[in-house]
Amino acid sequence: MAESQTLYQRQLANLEQDLKPIMAELLDERVTDIMVNPGGELWIKRFGEATSYSGRIVEREAILRIIMSTAALIDKKVTKDQWNLTGV
């Protein structure tokens with residue numbers, strides 16, 4: 001039990017670190033959707049507003065780390081070739 005708790009805590013710490021590039025958007029209560037297109041452009045949807053480009057680019061490696069960390073926490077299988085977590 002303690003070993004699985006330690007693994008979970010390590011996975012959670014990894015996710016918190018990986019989320020830093022989008023933390024401001026995650027903490028904004030008005031944000032309803034965060035999207036990153038294949039070119040890394042960060043798009044934000046806020047309640048009552050149209051989706052808009054944030055003016056920021058998130059590097060592919062950072063996106064992949066977020067997806068992999070999230071997948072590990074919820075026990076989902078993703079690979080570098082198939083890394084979609086739609087609906088999570």
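This note covers the nonpolar core and the salt bridges of a predicted model.

1. Basis. Local features need pLDDT of at least 70 and side-chain atom pairs 80 or more, while totals for chains, interfaces and linings use all residues. Numbering runs from 1 along each chain as its sequence is written, and side-chain values use heavy atoms, without hydrogens and water.

2. Core. The largest nonpolar core has 14 residues. Such a core is a set of buried Ala, Val, Leu, Ile, Met, Phe, Trp, Tyr and Cys residues joined through side-chain atoms within 4.5 Å. Buried means under 20% relative accessible area, exposed over 50%, partly exposed in between (1.4 Å probe, protein chains only). L19, I22, L42, V58, I67, V78 and L85 touch the most other members. β2 (41-46) and α3 (60-74) each supply at least two residues; α3 gives the most, with five. Helices (H or I, at least four residues) and strands (E, at least two) are DSSP runs, numbered from the N terminus.

3. Salt bridges. There are four, each a side-chain nitrogen of Lys or Arg within 4 Å of a carboxyl oxygen of Asp or Glu.

4. D18 and R65. Their closest N and O atoms are 3.6 Å apart. The pair links helix α1 (residues 2-18) to helix α3, 47 residues apart. D18 is buried at 11%; R65 is partly exposed at 43%.

5. E25 and R56. This salt bridge is 2.5 Å, N to O. E25 sits in helix α2 (residues 23-27) and R56 in strand β3 (residues 52-57), 31 residues apart. E25 is buried at 8%, R56 partly exposed at 31%.

6. D28 and R46. The closest N and O atoms lie 3.2 Å apart. D28 is in the loop between α2 and β1 (31-36) and R46 in strand β2, so the pair ties together parts 18 residues apart in sequence. Shared partners join D28, R30 and R46 into one network.
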